[in-house]
Amino acid sequence: MTESGINPRVTSLLPLKPTWFHIMLALSDGAQHGYAIRARAEERSGGKVKLWPATLYGSIHSLEEEGLIEALEGQDDPDDDARRRYYRLTPLGGEALRAEAARLEALVQAVRSASALKNA
């Protein structure tokens with residue numbers, strides 16, 4: 001841990017790529033398959049974030065390589081399509097998502113307290 005209390009591995013990943021952030025945020029709700037991740041990110045962003053398949057699955061692959069998410073071996077729903085792969089956040093991924101949220105929150109606070117905005 002660093003003086004800030006953040007794992008150095010997490011610090012090295014910040015700031016998260018926007019696509020990674022939206023995928024990880026979708027997975028904070030629990031394990032999901034690719035299409036559900038895509039739909040959740042679009043819903044949460046009011047339609048502003050569109051994760052096209054190449055971007056989504058390329059990012060999922062990168063997130064797995066970094067150890068931030070993992071594919072689940074089985075699936076909980078026997079009525080679901082057997083070809084679907086489900087993903088979930090790893091403990092490192094959860095830590096990175098919380099650190100990114102804190103970083104973004106600090107930026108929002110800085111903007112709110114900026115003197116230029118107070119006089120606008």
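This is a predicted model: local features need pLDDT of at least 70, side-chain atom pairs count only at pLDDT 80 or more; totals for chains, interfaces and linings use all residues.
Residues are numbered from 1 along each chain as its sequence is written, and side-chain values use heavy atoms, with hydrogens and water left out. Local features need pLDDT of at least 70 and side-chain atom pairs count only at pLDDT 80 or more, whereas totals for chains, interfaces and linings use all residues.

The structure contains seven salt bridges, each defined as a side-chain nitrogen of Lys or Arg within 4 Å of a carboxyl oxygen of Asp or Glu. In one of them, the side chain of arginine 40 meets that of aspartate 29 at 2.8 Å, N to O. This pair links distant parts of the chain, eleven residues apart, with arginine 40 in helix H3 (residues 34–44) and aspartate 29 in the loop between helix H2 (18–27) and strand S1 (32–33); helices (H or I, at least four residues) and strands (E, at least two) are DSSP runs numbered from the N terminus. Arginine 40 is partly exposed at 23% relative accessibility, as is aspartate 29 at 45%, where buried means under 20% relative accessible area, exposed over 50%, and partly exposed in between (1.4 Å probe, protein chains only).

Arginine 40 also forms a salt bridge with glutamate 43 (2.6 Å, N to O); the two lie three residues apart in helix H3, and about one helical turn therefore separates them. Glutamate 43 is exposed, with a relative accessible area of 56%.

A further salt bridge joins arginine 103 and glutamate 100 (2.8 Å, N to O), which are three residues apart in helix H5 (residues 91–113) and separated by about one helical turn. Arginine 103 is partly exposed at 30% relative accessibility, whereas glutamate 100 is buried at 2%. Salt bridges with shared partners connect Asp29, Arg40, Glu43 and Arg44 into one network.
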